[in-house]
Every structure is written in C-alpha cells, then in structure tokens.
Amino acid sequence: MSDDDSSEDFGPKDEPRASSEFAARALNRLVGEALVATPPDLDWQCIEARLLAGIEAERVAIAPKPRGSFGAAVSFIAVAAAIVLLVTSGRGPSPTAIPSPTRLIDVATLPSVEHGDGGRAQLASALGPGAAIETGAVAERLVLPGVAAFTLAPNSRVVIRAVAIPYVLELERGEVTASVVPRHDPDHVVEAFVVESGGVRVAVHGTVFSVRRSGEKIEVYVSEGVVTVGP
Amino acid sequence: MAFTKLFRAHRSLVAAVVYRMMGPSADLEDIVQEVFLQVHRSLPDFRGQSKFTTWLHRVSVNVVLMQRRRARSRPVLVEEEAGNHEPDARLRPDQDLARRRRLSAFHRILDKISEKKRTVFVLHELEGMAPAEIATEVGCPVLTVRTRLFYARRELCELMVDEPALAGLLEELELEASAPRKPEASPTVPAAVVNRGAIREP
C-alpha cells in the first residue's frame, strides 16, 4: 500500500467498485465488532505497582540532587521510639547553602505566648532567614504555630535558613529538640521541618526528635514518628 | 493516595481505548501504564475546560499514537494467543472463536495500510473523532483527513479478500443478501425500535 499523500488533497476521484459493496458492509460489521470488543483481563495490581514505582522514580529524578558528599550511602529513615543515629560529619557547611547574612536575635525580645501545659514559649514566626538564636546557661523554647515547637538546649546556636515549608534550621552547636505538627498530603510525604547540621539533613514528617551536635558528631534522637536523615 | 483512586476509577476506560486502537497487543499493559504516567505528568495542566474523561481519552489517544510511531522500527506481534481472552458468555464457543479470529484479522489488515491512513481510520471509526478533530490531532487539512479515510476504507475492503477469516464473513454477507427475506414478526413495530429492545405495550 502506498503511503504517498501527494494526490490526497484533491479528494477521492473514484468510488469503491460496486463489487465491493459486500466488502464495505463487512468492514462496517468488523468496526462494530471492534467497538464492542472487550480487552483481556489485565493484571491491574501489577500495573498499579509498576505505575506507582514509575511515578516515584520520576519524582526522585526531578528532585534536587543531594548537596552533600555523603551521597546515597548515608541516608536513613528512622521510625519510632528512641532510635539514636550517630553520624560523623567531616564537613562544616550546611546542605542548604543560603548565603543570607546572619544576625543574632535576642530571644527575650520575641513575643511570649502560652504553649504546652501552662508553659510559655517565644513566638519565632516573625523571624526570617538569617536570624540566629543562641542560648546561654538556660534553654529556650520557641514555637512556630501550625508547624513546630522547638527547644534550644543551653549553649546552643541555630540559624534560620528558610521559613517556608519546609522550615529549615541550621544547628551550629548544641542541641535542638522539636515537636513537629504532622502534615497530611495524600500524594506526597511533606517535609515540614528540617534541621541541618554539619552536612547532615534531618527532615521531619511529623514527629518528636532531637538533633545534637558535638563538634563533628551529629546525634539524632527520634522519640515519635519518622525522620529522614541524609546529606 | 488520590492518584491511585483516579487510576482505579478510569483504568478500564483507558484499557478499552488502547485495546480498540492497538488490537490484541502484547503491549497492552505497558501502554496503559504509560498513559497513566502521562496523566500524572500532565494533570497539573488540566484546567477543567473539558470533561476529565474527554481529556483522558485525548491523552490515551496521544500515547497510543506515540507508541505506534516508536514501534514502527520494531517488529510488531499482532497474532493473539487463543487463550488470551475469556470467552464471551453471550456467544457460543464457535461464535466467540470466529469473532476473535475476525478481530485479529481486522487488526492485521489495519496494520497493512499506511500509518497515516490507519490513524485517521482508527480515530474516526473506532474512537468516534470528527475529521476536524483528527486534522488537529495529526496536523493536516480536514480534506486530507477525509481523503485518507476514503482510501483507508477502500484498501481495507480490498485486503479483506486475502484474509481467510474475513473472506468467510464476505461469503456470509453475500449469502444473507441472496436468501429470501423473512416476513417481519410484528409489522406494526419499526425494526429500529425492535433492535434497541425498547418495545412497550400500549
């Protein structure tokens, strides 16, 4: 059969031969049968599993590449109670390389709100990227309504790196313990709160956890829920 | 997961479109999966200007056409295995077998005509798309679509003679035409109404 369309724009020049009347009727019948033909039974479970795997693979492929030198070798998902991960970092800079200048914030100047069992916490939602918080001999408790509440242990320092979702804190020294409000998205795991320290990124999916930094050693304590630890 | 619900709700529709356009194909599962991957990628672009099923049909058609373009350089298996289908309970086994053989033969002759003609024939006759829609889809004038359709039909009619499963259908139709007509069972009821099973006693 020719694939040449050169004469087609001039329209049909002749009608099908009269002897092919039955062929035309047969063709119509074939079309009718093809229209009502039902596909064979398919393995829908297998298709669904492959489809979801394909979607996940595409999602990973378009996600930003890890910025650290750990690569994929150091990536954990920590689940449930009292799991301690010890990660020795050989690097200093934060994975989130936001070159915002830091400015030290006096926590006492932040609004104080009631939080928890009659306690009070400082409202941190007014702070933007680059704000640094240090503690002396006393721990400080801060709250981000709808996102998280976190406690900065004595002699600790954090810098706020991002205030959108996820909210990103860089722990430069000491320890931060956070309780994160779970976010439910049917399609994605939402990282609402992230702590970065010494090249380690702890992404939180609604949990209670601590990150402690002692020099180059990073310790992650998971009390509830799930966190992802990676570069 | 919302997308899983969407997949489960519409997978049969997509499978039917792919099956009509491709015929008994070993790639059916792969193409259905590819359609939904494409749906997942394109879903953010769906503005709700048409019904979702209309949009889904268009995505399915595009994926099938793309698959056929890709597959042109590869050998295509069009012969179906006899055990691939559940028999249709409404037909006797011999009728069901004959129907499946005709369907396979139909897709064999479809694959013998040029891809351009096959595309317009399938989109018009099996997918119910208007020539103007097809013209937009394949990027050619409407008149070209009509012409390709005409030649596709003519070539398919000629090819049927060489297919034993379809030659039998031709003979059957000729015999039906030469046989004396049976008297109408109920001359007061129009045949079209009888065929639709919509008869109601007054």
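Colleague: Which residues do ring pairs link into a cluster?

Modeller: Trp44(A), Phe7(B) and Phe36(B) are linked into a cluster by ring pairs. Rings of Phe, Tyr and Trp (its six-membered ring) pair if their centres lie within 6.5 Å; planes under 30 degrees apart count as stacked, over 60 as edge-to-face and the rest as tilted. Before we go on, please keep in mind that this is a predicted model, in which local features need pLDDT of at least 70, side-chain atom pairs count only at pLDDT 80 or more, and totals for chains, interfaces and linings use all residues. Residues are numbered from 1 along each chain as its sequence is written, chains are lettered from A and ligands numbered from 1 in the order in which they are written, and side-chain values use heavy atoms, with hydrogens and water left out.

Colleague: How many aromatic pairs are there over all chains?

Modeller: Over all chains, the structure holds nine aromatic pairs.

Colleague: Why is Leu42(A) called buried?

Modeller: Buried means under 20% relative accessible area, exposed over 50%, and partly exposed in between (1.4 Å probe, protein chains only). Leu42(A) has a relative accessible area of 13%, so Leu42(A) is buried. Leu42(A) is found in the loop between α1 (21–36) and α2 (44–62) of chain A. Leaving aside neighbours within four places in sequence, Leu42(A) is in contact (heavy atoms within 4.5 Å) with Ile47(A), Ala15(B), Leu28(B), Glu29(B) and Val32(B).

Colleague: Is Asn155(A) buried or exposed?

Modeller: Asn155(A) has 51% relative accessibility, so Asn155(A) counts as exposed. Asn155(A) lies in the loop between β8 (148–152) and β9 (157–162) of chain A. Phi of Asn155(A) is near 60 degrees, a positive value in a residue other than glycine. Most residues other than glycine have a negative phi.

Colleague: How many disulfides are there over all chains?

Modeller: The structure holds zero disulfides over all chains, a disulfide being a pair of cysteine sulfur atoms within 2.5 Å. As for cysteines, Cys140(B) is buried at 14% relative accessible area, and Cys157(B) is buried at 10%.

Colleague: Which residues touch the most other members of the largest nonpolar core?

Modeller: Val18(B), Phe106(B), Phe121(B) and Met160(B) do, in a core of 63 residues. The largest share of this core, 10 residues, comes from α1(B). A nonpolar core is a set of buried Ala, Val, Leu, Ile, Met, Phe, Trp, Tyr and Cys residues joined through side-chain atoms within 4.5 Å. Beyond four places in sequence, Met160(B) touches residues including Ala23(A), Leu30(A), Ile109(B) and Leu170(B). Apart from this core lies another, of 33 residues, among them Leu142(A) and Val200(A).

Colleague: Which helix of chain B has the lowest mean pLDDT among the elements of that chain?

Modeller: Helix α9 (residues 191–196) of chain B does, at 34, while helix α5 (residues 115–126) of chain B has the highest, at 94. The pLDDT is the predictor's confidence in each residue, from 0 to 100. Over residues 184–202 of chain B, pLDDT stays under 50, and the model has five contacts there beyond four places in sequence. Chain B averages 78, and the mean for chain A is 72.

Notes: Helices (H or I, at least four residues) and strands (E, at least two) are DSSP runs, numbered from the N terminus.
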